[in-house]
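My entries follow in the order I made them.

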Amino acid sequence: MNGRALAEFSAALAAAELWLPVALEQISDEAAEKLSFLRVADSLVLLAALAQLRWDRPPATPMLASRLAEFAPKLTAVQLGVALRALSRLPLAAACERGAAQRSLLQAVATVRLPGERSAPLGAADAAALAELCGALRHLRAEPPPRLVAHLAAVLPAASSAAAMRTLERDHRRALAKLADASLAWAGVR
């Protein structure tokens, strides 16, 4: 299978919550063999799917984590959130190279372009992306960058007013609630 097919098949297994050890073992082996040919997006999907299914086996998961760490400065906020969430579910992958992959992803969070940074109201997609990143940081109990805390403080009051909340879709309201929860948890960080 090529990289995209591996990523799609693993994502389908994860979405269906199918625990098929033989298939997961084959996906892991092929991912480890073809790592240098995998696109970063495919590596991310593979790692996220394996994390969803809690399949943490060498050499695939540590190698995928290292691959994502190489490209950490180029990842978007959503990709960083997904990668960090996956590492929080895969102890073997998180511990590879003494935690270097996780450290480099956390360092990239400090410089990533934050969703909603340049747009006035925080749209549904931006709120969901920001909620994914904040959720992953909270799950890892990582210190948020001050820039992220300041950004939350700036965008939340306007987005979460009572009048605005009534007109929003349920997913958008949930994302804003997650952001408000993260903002409260990180209130002392500046």
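I count a contact when heavy atoms lie within 4.5 Å. The model is predicted, so I take local features only at pLDDT of at least 70 and side-chain atom pairs only at pLDDT 80 or more, while totals for chains, interfaces and linings use all residues. Residues are numbered from 1 along each chain as its sequence is written, and side-chain values use heavy atoms, with hydrogens and water left out.

**Entry: Ser104**

I looked up Ser104 and placed it in helix H7 (residues 100-109). Helices here are DSSP runs of H or I with at least four residues, numbered from the N terminus. Is Ser104 buried or exposed? Ser104 is buried, because its relative accessible area is 19%. The classes are buried under 20%, exposed over 50% and partly exposed in between, with a 1.4 Å probe and protein chains only. Leaving aside neighbours within four places in sequence, I find Ser104 in contact with Ala69 and Ala72. A polar atom of the Ser104 side chain lies 3.0 Å from the backbone oxygen of Ala101. That falls under polar contacts, which are pairs of N or O atoms within 3.5 Å; within protein, one must be able to donate a hydrogen and the other to accept it, and residues adjacent in sequence count only if both atoms are side-chain atoms.

I noted its separation from Arg89: 18 residues in sequence and 19 Å in space, C-alpha to C-alpha.

Ser66 sits in helix H4 (residues 60-70). With a relative accessible area of 15%, Ser66 is buried. From Ser66 to Phe9 I read 57 residues in sequence and 22 Å in space, C-alpha to C-alpha.

**Entry: the core**

Which residues touch the most other members of the largest nonpolar core? In this core of 61 residues they are Leu46, Leu80, Leu105, Leu137, Leu152, Leu179 and Trp186. Helix H8 (residues 124-140) supplies the largest share of the core, eight residues. A nonpolar core is a set of buried Ala, Val, Leu, Ile, Met, Phe, Trp, Tyr and Cys residues joined through side-chain atoms within 4.5 Å.

**Entry: helix pairs**

Two packed helices are described by the angle between their axes and the distance between the axes. Axes are lines fitted to C-alpha atoms, for helices over the stretch in contact, and angles run from 0 to 180 degrees between N-to-C directions.

I took H8 with helix H11 (residues 170-185): they pack at about 40 degrees, with axes 8 Å apart. H8 is therefore oblique to H11. Angles under 35 degrees count as roughly parallel, over 145 as roughly antiparallel, 65 to 115 as roughly perpendicular and the rest as oblique. The crossing of H8 past H11 is left-handed. A crossing is left-handed if the near helix is turned anticlockwise from the far one by less than a right angle, and right-handed if clockwise. Among the residues making the contact are Leu130 and Cys134 of H8 and Leu179 and Ala182 of H11.

Next I took helix H5 (residues 77-89) and H7, whose axes come within 10 Å and cross at roughly 150 degrees. H5 is therefore roughly antiparallel to H7. H5 passes H7 in a left-handed crossing. Leu80, Ala83, Leu84 and Leu87 in H5 meet Ala101, Gln102, Leu105, Leu106, Ala108 and Val109 in H7.

For H1 and H2 the axes come within 11 Å and cross at roughly 150 degrees. H1 is therefore roughly antiparallel to H2. This crossing of H1 past H2 is left-handed. I list Leu6, Phe9, Ser10 and Leu13 of H1 against Ala23, Leu24, Ile27, Glu30 and Ala31 of H2.

Most residues other than glycine have a negative phi, and most peptide bonds are trans.

Glu17, not a glycine, has a positive phi of about 55 degrees. Glu17 lies in the loop between helix H1 (3-16) and helix H2 (21-33), and is exposed because its relative accessibility is 62%.

Arg54, not a glycine, has a positive phi of about 55 degrees. Arg54 lies in the loop between H3 and H4. With a relative accessible area of 49%, Arg54 is partly exposed.

Which residues does a cis peptide bond join? They are Pro58 and Pro59, with omega about 0 degrees. I find Pro59 in the loop between helix H3 (40-52) and H4.

Methods:
Helix = DSSP H or I, 4+ residues; strand = E, 2+ residues; numbered from the N terminus.
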